[in-house]
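Subject: Structure handover

Hello,

Here is the structure I promised to pass on. Please open it alongside this note, and read on for what I found.

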Amino acid sequence: MRAYIFPGQGAQQKGMGASLFDEFADLTRSADSILGYSIKDLCREDPDGLLGQTQYTQPAMYVVNALSYYQKLRETGLVPDFVAGHSLGEYNALLAAEVFDFETGLRLVRKRGELMGRASGGGMAAVLNASESEIRTILAENGLDSVDLANFNTPSQVVISGRAEDIEAAKPLFQTGNHLFMPLRTSGAFHSRYMEPARVEFEDFLAGMTFSKPRIPVVSNVTARVYEDHLVKENLTKQMVQAVRWSDTMEHLLAYSGMEFEEIGHGNVLTKLLQKIRRELKSENKPLPRVAQTAESAGEMVRNWNERYAIGNRFRSTTGNYGHLETATPAAVLFGHRAAVYMQGYRGYFDLQELEPVPAAQ
C-alpha cells in the first residue's frame, strides 16, 4: 500500500517549482488569473520578497504541491491508496482525492491564507524533546493555560501557539535539561483558540460550496482518521483552531502492514518527520494496531463484530482519548478494505481494531 503526503507552510523556498509551471502552463495561467499575480515569478524568483508571507506562502505551496502530484500521475499513472497533508497540505490531499478541482482548491487556499495572514499579536514555537503531557504540565504549573498545543509533529516535537507575550514567557520553561525551544517566524497563533474569528469567517466562505466524496481515503489533521464524506467543511474549519495531529496521522497509516510513503511537493520536511516518528515509536516499543489488508479479511472481521455487538453498545478507543463512544450503525467495510463502525460521540468511523468494549458498570 502507498500513501502520498503533502507538505504545508514552512516548506516553501525560493526556486521551488522549477519546470512545473511551464510543464503545466494551462493550470499556471489559471492560477495567475485567480491570484492576480504570477505564481511562477513568486515561487521561482520572489522578486518582492513575499514568499514568506502567509497570504502568499499558502497559495504557492498549494500550487507547487498540486503540480507535483499531477507530474507524478503523468509519469507513473499510480494513484495512492491513502493521502494526507500537513496543515495547508491537507488541501492537496483533498485535491488528489478529487473532493474539489484545482481552481476551487486554490480559491479555498487563497481565502485561508488571507484570513490567517491577517492574524497579529500571536506567536508559535516548537518544543523539542518533551512529550505532550510534559508540556501541558509545565504550562499549567506556570499559569500559561492560555497557550495551546498546535502541532503534534512527532511524539517529542510539539508546536505551541498563543499570544506573543505568552510564547515569550514560555521560552525559559523549555530551555532546561534536554528541552529545546525554537520560536517560529509567524505573527499569528495558528491552530489555536485565537484563530476563532478566522474560523467563523472561513466557515461562512465555505457555506455555499459543494464538495464531492473522496475517491481516495484522506486522513484528517483534526481526527487523525479518514475523512467522512459529510464532514469535509467541518474539518476544514476546525483545522484552523485545532491541533495538527501529524504524529497520530502517521501512526494510523503505519498500522497498515507494508505501507510505503512518498512526499509530494517541494522538499523533504515530512519525510524527515516520518523518520523521526519511526525512531521514537521504536524506542518506546509502542505496538501499532494492525489494520485489515483485504476485503476478505475486513469482511470477516465485520461479520464477527456484527454477530457479537449490537447498535448502542459502548466502547472506548485504544489509541486516543475517546471514551464512552456508542455504536450508531452496524460495522461495515469502507474503501474496500477498512473494517469500521460509525460512532456517536465522535461523529465518525473508527477502525474495529482500535476499539474495546466498556464494561456495563462504567
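Two strands pair if DSSP finds at least two bridges between them. Helices (H or I, at least four residues) and strands (E, at least two) are DSSP runs, numbered from the N terminus. This is a predicted model, where local features need pLDDT of at least 70, side-chain atom pairs count only at pLDDT 80 or more, and totals for chains, interfaces and linings use all residues. Residues are numbered from 1 along each chain as its sequence is written, and side-chain values use heavy atoms, with hydrogens and water left out.

The sheet first. Strand E3 (residues 122-128) is joined to E6 by four bridges, and the two run antiparallel. Val127 stands opposite Phe181 in E6. The whole sheet is open, with four strands in the order E4-E5-E3-E6 and antiparallel pairing. Strand E4 (148-154) and strand E6 (180-183) are at the edges; each has a single partner strand, so one side of each lacks a neighbour in the sheet. From one strand to the next, the twist averages 25 degrees. Axes are lines fitted to C-alpha atoms, for helices over the stretch in contact, and angles run from 0 to 180 degrees between N-to-C directions.

H12 (residues 269-283) lies across E4 and strand E5 (157-163). H12 runs at about 85 degrees to E4. Contact means heavy atoms within 4.5 Å.

Now helix H4 (residues 54-76). Its 23 residues should span 33 Å at 1.5 Å a residue, and its end C-alpha atoms are 32 Å apart, which agrees. The expected span is 1.5 Å times one less than the number of residues. Gly77 follows H4, and its phi is positive, near 70 degrees.

What does H4 pack against, and at what angle? One partner is helix H5 (residues 89-96), at about 35 degrees, with the axes 9 Å apart. Among the residues that meet are Tyr62 and Ala66 in H4, and Tyr91 and Leu95 in H5. By class, this contact has eight nonpolar, three polar and no charged residues. (Ala, Val, Leu, Ile, Met, Phe, Trp, Tyr, Cys and Pro count as nonpolar, Asp, Glu, Lys and Arg as charged, and the others, Gly among them, as polar.)

H4 also packs with helix H6 (residues 102-118), at about 155 degrees and with axes 7 Å apart. That makes H4 roughly antiparallel (over 145 degrees) to H6. The contact includes Tyr62 and Ala66 of H4, and Leu106 and Val109 of H6.

Best wishes

Notes: Angles under 35 degrees count as roughly parallel, over 145 as roughly antiparallel, 65 to 115 as roughly perpendicular and the rest as oblique.
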